[in-house]
Structures are given as structure tokens and as C-alpha cells.
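Have a look at the display first, then read on.

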Amino acid sequence: MAQVALRNVVKKFDRTEAVRGINLDIEDKEFIVLVGPSGCGKSTTLRMIAGLEETTSGEIYIGDALVNDVPPKDRDIAMVFQNYALYPHMTVYENMSFGLRLKKFPKAEIKSRVENAARILGITELLDRRPRQLSGGQRQRVAMGRAIVRNPKVFLFDEPLSNLDAKLRVQMRTEIKKVHQTVKTTTVYVTHDQVEAMTLADRVVVMNAGTIEQIDAPNDLYHNPKTRFVAGFIGSPAMNFLTCRLAEASGALSVRLNDGLSFPVPASRTARYRPYANRELLFGLRPEHITEARAGGAPGHAEFEVPVDVVEPMGMETLVYFIVNGFEVCARVNPAAAPNAGETARLSADLNQMHLIDPKNDLVI
Amino acid sequence: MTAEAATAGIPRLSFRGSLSRNRRWALILSYFFLILFAIFFLTPPYYALVTATKDSAQISNQSTDPWMPVLPPTSTNITALMGATDFPIYFMNTVIVTLCTVAITMLISVPAAFSLGRMKFWGSGVFATGVFLTYLVPDSLLFIPMFKIVGALGLLNSYWALVLVYPTLTVPFCTWIMIGYFQSIPKELDEAALIDGANHVQMLFKIFIPVALPGLIAATIFAFTVSWSEFVYPMAFIFSSNQLVLTAGTVTTLVKADVYQWGMIMTAALFAAAPPLIIYAFLMDYYIAGLTAGATKG
């Protein structure tokens, strides 16, 4: 059990910089998820922690030890790969015990560890099979079992669920969370799937273009994104962004989207936004915060009417798309109150959930 | 045919009929060419077998059809070949030379292919291509310089010269085959082994060789075939009967000036061809089928 620390870690491949000086502190027993679009450097970061890639500069600590020059086998880590990387010619038992056998563990100890891990993962009856006789989900379990038996300081997962179908992915996600609750090992998990990130992580590290955009607990990330990238990346459908002008009239602020549409800024935000008065900004509001207008309204909610462009029924909700300032905006409404395409809908925006972004540095104000 | 007749009036279903007709034609053509090739390749061994079971008088008898076997078959050729010639010695020598060559080839090309295919280092790509290029130089060009080298080493007229020289023919191609096999193994497999604590030697023996076994067997068969059937080098380097191998030995012993002892030549040819035949037809097929089924897909 150990904490992991990255200090100014840089990785260059030839001339391209994949990771640009990141700092990250991972607590003991913490479940950290690195998430971001492909090419953001998350996998490279994981591979540097594993020792499969050398750092160009910077330091990596596992426990209290600097591991920059320590080979993977001596870092006391275990890794689960996207394509499982099971040894095809070995049985499940041999796959799981391979590392222990190389380290010359006593046979009885190996047996008890493998059986224990197999019990945790529910693969006891598969121990004599070979990988080709297993389904994708079973292979994934074996790959996790191989990691668990080694009782490492750190678990590393590199997009472990990407090769599974949607249903199995959800099931294995829960499984991984359960295993972490049972085994309680520091875990670094890489994924491009924000749902996986949100559901699994104690803290999520959002990466973009080789840098860390934000490190936060899932809910904080959702409610208080620090940058435009995080605001747009977390949440599905993505947050709506619209250019706006923060207008000031007799002490009150309002978000002016165009001549016909402007929203009052809630009083609780006025102080925070005042320095940006009369500036061109970016207005961000998630689809779930634009709903059908309800009788009576609510404090901080503003109602408006727009012609509906496209309607997408999802069952539990209906997505309604309309155009403002040339941007497509998505709203999530109750299916019972959903308008039809071409109609004019009366919608309500929850401005308590709004975000304003300074386009100069893409930071959320 | 009945299906076609039944669906003749229904345009939508006649499409399926045309598909199956298409397939039937493809099958007919496949069988036609397969049978053609089988006849083409099986005719020489058949002729050898027929001739081997006749004595000299029957072979030279102009009034009988040389393609037809004579009953009862004679075993005089076998007894003469085994008793009166050095054929058993050639056979043993060939077995020794081939086994040594295959062993040396594998000892060199497996680690060579592993390092060239999996361990990226400066020049590994160029080197891998270079290895293959050396294979393209024919032995008929090389046997004179090789003769000088073998002579300088004092190995002329010894089958150990062949053990030394044959790997120059087998190693490049075997290395090349196995580079391909090793490269086809996903890199996560060695990374997983690396994290599990394997060093490069353990990785090679515990992961790569078992997983690439079909490739290894293919390479072994190749090395076996080359050293079993090589003709130019033994012809050039070896003169004594007790050092000769099957290929050169059969020709030098059984063809005396312009006298061809056809019965014995054909018997010798059949016996010489038997080991590769047995290995190809039974052992290796069985072996590869058993292994490839589970080996390469993770």
C-alpha cells in the first residue's frame, strides 16, 4: 500500500511532447482515474508510472522511493491492459501465478493467493481453462486476478473495459469498484470514458494536450469545472456554450445572448462576476439545467421561448435542440411536456447552475 | 436441383439459387485443379515406386509398360541397396548432419529473431533486411569460396563441413520467418511479462517460444528440408563414401559412368524421401493443428 507522486513529469517522443510537466499526488488506497480525449497523455502517464516508458524529465515516487530508474518488476505494481495480455499458452491458474512463480514463492503460498483472488473475482471454476476458452468478461477478470495475486502497492488499469460490449462494461465497472473496496490498493485507472471516470474515481484527473486541467472529486468536477475544457468534457450531452455579453444596468448584471434573449444573473453570483461587467464572455449551461417551463417558476430560473429544431426522445427524458446565435443548444425536458420539431417551446433555464468563461484564458469565472 | 426447380417461378428466391449455383461452380473448379495438381505431383513418386519394385531385367524389358507394376513385386533392390552399397551409411550421415544443422539453426535464429524483432535498437531494421538478403545468394555461387574456407579449416571430405556450412543457408531464412512471428505477438504480452518480473531470457523461453511455436515449427521444417536435400555442397566438399550423405551418395554410387542402376536409384530415392514425407504428412500437421488452435489469439 502506498501513495504515488509525480513531480514535473515530462515525456517527449522525438520532438512531440506527450506529457508536459505534470504534478500529481495520489493518496494511499485512493482510486484515481485519468480521463481525457485520445492523445492527451493519460496512457503515457500511466506507462511512466509502470516503468514501461522512461520519463524525459521529472520524478516519480511510489511510496517514498524515487522509481525513475527502477525497472517495472521492482516497482511493486500490477497492470491490467486493454487487450488483457493474457499468456495464451498458459491456463488461468498459470497466468495468475506466473509472476509469483518467477519470484520463487513457495507453492502453497501461490496456491492460496491464486485461490483467494479467484474467489474474489468469481473465477474459481475457470482456473484450468486457457484464455481462448474464456469470454471477454472472464478474460478481464483473469487479468485482474493476475494483478491481485501479486498484492502490489499500486494497481494500474489501462482502459481495461474498452474491449467489452456496453452491457458487460457496466457490469465489470461495478466489479472493479467492488474489488477495490475489498482489496483497497492504490489504483490508477486510465479511460477516455467520462462515465467510467465519474463512477469509479475517488478523484478524477482530467487531462488535455499533455497537461492536467483539473483534479477533483467527481461531483466537484461536474458542478465546479475550472476550465472550459473540463466543463465541456464532463457531462453528457455536453454543456452548451454561447457567446454572450455581461451587461450591467443600474447595479444588476445580466447575460445578454442577443437582442431578444438575456438572462438576469442570480444575486449570489453578482459579486463574483462584477469585475467582468461589459465584457464578451462565454455562457455555459448544461442541458439538464434547461427544462420545460413550469407554472409558478422558481427563483433563479428564467423562462424563454424558442423555435424547436430537433427532438430526440430518450425514454426517461427528451432532448430538445434549438439554435441561439448560430450555436446548437440542447435542453433536457420531461417527455410528457416535450414539444414537437418546428413548434415554439417555452423553456426554463436554471441560472443558479450557469457558468461564465473568460475566452481569453478559457478559465471558468 | 430440386430447390432450383421449386423456386423457379419466384424471382426473389432465384437469387439464392444463383448463389448456390455460383458456389457449385467454384467447387467444381477447385476440385478440377486440385486433382490436376495431385496427378502432376504424385506421378514421379508413383513411377519411382513402380520401378523400385522391379528387377533390372523387368525394367529393361521393352515389351512391358514401364508405368504398370509387375506382380509380385521384388525386394532385390532393397536388399542390394542395404547390403551391397554404403546407402545405410549415407542415411546415418544425413541424419547426423540434419539434426546438427537444425539444432545449430534454431540456436542461432531464435535469439537472433527475438532481438531483431522485439528489442528495438539502432540498426535493427537494416540488419533484419540484411539477414534476409544474404539468403538470396545461391549456393551455386558460393561453393567455390566455401570450398576454400572449408579447406583452410581442414574439414574437406568430412560431413562436419556440411554441419558448418548448411546453417549459412538455413539461418537467414529461419530468422526471417521468426522475426515475422515474434513481431505478430502483441507488445502488451512482453510488457505484462516485464511487470510480472521476467527478464529477457525468461520472456523468450516462457512466453515467446511457446506462443510462436507454429512459427518455430515452420522454421524447423524449413531447416530440416534444406539440410536433408542439399546437393551442391556435399557434391563439392566430400569424396569418401563413408562421409557422404544421401543426395550426393546416391548419385555417385549408383550411377557408374553411363550405367544407371534404376531400380536401386528409385529405391534410394524413396527411402531418402520417406523421413521428410513422414514429418510433413503426419507429425507436423498434427502438431501445428494442436498448437495454433490456442496459441496466438489472446
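## Chain A overall

Please keep in mind that this is a predicted model. Chain A has nine helices and 22 strands in its secondary structure. If you draw a box along the principal axes, the C-alpha atoms of chain A fill roughly 80 × 45 × 35 Å.

Of the 365 residues in chain A, 41% are buried. Sequence separation is worth a look too: taking the contacts in chain A between residues at least 6 apart in sequence, 67% join residues at least 24 apart.

## A four-stranded sheet in chain A

One open sheet of chain A is built from four strands, in the order β2-β1-β4-β5, and its pairing is antiparallel. At the edges you will find β2 (16–26) and β5 (65–66) of chain A, each of which pairs on one side only.

Strand β4 of chain A, residues 57–62, pairs with β5(A) in the antiparallel sense over two bridges.

## A three-stranded sheet in chain A

Further along chain A, three strands make an open sheet with antiparallel pairing, ordered β17-β18-β19. Its edge strands are β17 (310–313) and β19 (327–333) of chain A, and each pairs on one side only. From one strand to the next, the twist averages 25 degrees.

Between β17(A) and strand β18 of chain A (residues 318–324), the antiparallel pairing runs over four bridges. Here A:Pro313 stands opposite A:Thr318 in β18(A).

## Helix packing in chain A

How do α2 and α3 of chain A cross? The axes of helix α2 (residues 92–102) and helix α3 (residues 107–121), both of chain A, come within 10 Å and cross at roughly 135 degrees. Because of that angle, α2(A) counts as oblique to α3(A). The crossing in which α2(A) passes α3(A) is right-handed.

On the α2(A) side, the residues that meet α3(A) are A:Tyr93, A:Met96, A:Ser97, A:Leu100 and A:Arg101. Their partners in α3(A) are A:Ile110, A:Arg113, A:Val114 and A:Ala117. Sorted by class, this contact of α2(A) with α3(A) holds six nonpolar, one polar and two charged residues.

## Helix packing in chain B

Helix α5 (residues 87–118) and helix α8 (residues 159–183) of chain B have axes that come within 6 Å and cross at roughly 35 degrees. Again you can check the handedness: α5(B) passes α8(B) in a right-handed crossing. The residues of this contact of α5(B) with α8(B) divide into 20 nonpolar, eight polar and one charged.

## Where the chains meet

Finally, let us turn to the contact between the two chains, which takes 22 residues from chain A and 19 residues from chain B. On the side of chain B that touches chain A, at least two residues each come from α9 (187–196), α10 (200–211) and α14 (262–295) of chain B.

Which helix gives the most to the side of chain B that touches chain A? It is α9(B), with seven residues. By class, the residues on that side of chain B comprise 10 nonpolar, five polar and four charged.

Terms used:
Residues are numbered from 1 along each chain as its sequence is written. Chains are lettered from A and ligands numbered from 1 in the order in which they are written. This is a predicted model: local features need pLDDT of at least 70, side-chain atom pairs count only at pLDDT 80 or more; totals for chains, interfaces and linings use all residues. Two strands pair if DSSP finds at least two bridges between them. Axes are lines fitted to C-alpha atoms, for helices over the stretch in contact, and angles run from 0 to 180 degrees between N-to-C directions. Two residues are in contact if their C-beta atoms, placed from the backbone, lie within 7 Å. Ala, Val, Leu, Ile, Met, Phe, Trp, Tyr, Cys and Pro count as nonpolar, Asp, Glu, Lys and Arg as charged, and the others, Gly among them, as polar. Angles under 35 degrees count as roughly parallel, over 145 as roughly antiparallel, 65 to 115 as roughly perpendicular and the rest as oblique. A crossing is left-handed if the near helix is turned anticlockwise from the far one by less than a right angle, and right-handed if clockwise. A residue is buried if 20 or more other C-beta atoms lie within 10 Å of its own, exposed if 12 or fewer, and partly exposed in between; C-beta atoms are placed from the backbone.
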